[in-house]
Amino acid sequence: MENSRKPAPAVLIVEDEPLIRMGAVSLIEDAGFKVYEAGCADEAIQILELHDEIRLIFTDVHMLGSMDGLKLAHYVRGRWPPVKIIVTSGKIKVPGEELPAGALFVGKPYLPEHITHKVREMMAA
């Protein structure tokens, strides 16, 4: 008999600064979620293509590569509509009208408990 159990919902952290990414990964793992990580949008898209259990992306705006985090967020909304999106930046504040539908912006520095609360809230919706 085939095991048809679905993998637990996962979060993808997209951040080009390794130390910040490590902190975010630890934060979300400590909240009880499986976490994937990417250093740029291209890597994030490859991971999304391989792992359909990813239900939320948490992405920084400023990254090297073919697209920044905001363009990645819009791409994800178009290609994987059910995936929830949290966009973050310490350099700019992204107005709601520039975010994809249903996405949330959180400025840096952020409170860890605020992020875990928002991730849990969005994953439950």
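Predicted model: local features only at pLDDT ≥ 70, side-chain atom pairs only at ≥ 80, totals over all residues.

Reply: Residues are numbered from 1 along each chain as its sequence is written, and side-chain values use heavy atoms, with hydrogens and water left out.

Me: What makes β2 and β5 edge strands?

Reply: The open sheet has 5 strands in the order β2-β1-β3-β4-β5, with parallel pairing. Two strands pair if DSSP finds at least two bridges between them. β2 (34-38) and β5 each have a single partner strand, so one side of each lacks a neighbour in the sheet.

Me: How do you know that β1 and β2 pair?

Reply: DSSP strands are E runs of at least two residues, and helices are H or I runs of at least four, numbered from the N terminus. β1 and β2 share 5 bridges in the parallel sense, and the pairing rule asks for at least two. V11 stands opposite V35 in β2, while in β3 the bridge partner of V11 is L56.

Me: Why is the crossover from β1 to β2 called right-handed?

Reply: The chain passes from β1 through helix α1 (residues 18-30) to β2, and this β-α-β crossover is right-handed. The term applies if, with the strands pointing away from the viewer, the path from the first strand over the helix to the second runs clockwise.

Me: Why is β1 described as largely enclosed?

Reply: Buried means under 20% relative accessible area, exposed over 50%, and partly exposed in between, with a 1.4 Å probe and protein chains only. In β1, 5 of the 5 residues are buried, so the strand is largely enclosed by the rest of the structure. A10, L12 and V14 lie on one side, V11 and I13 on the other.

Me: Why is the pair of F58 and Y110 called edge-to-face?

Reply: Rings of Phe, Tyr and Trp (its six-membered ring) pair if their centres lie within 6.5 Å; planes under 30 degrees apart count as stacked, over 60 as edge-to-face and the rest as tilted. F58 and Y110 are 5.7 Å apart centre to centre, with 80° between the planes, so the pair meets the edge-to-face criterion. F58 is buried, at 3% relative accessible area.

Me: What makes Y75 partly exposed, and W80 buried?

Reply: Y75 has 33% relative accessibility and counts as partly exposed, whereas W80, at 18%, counts as buried.
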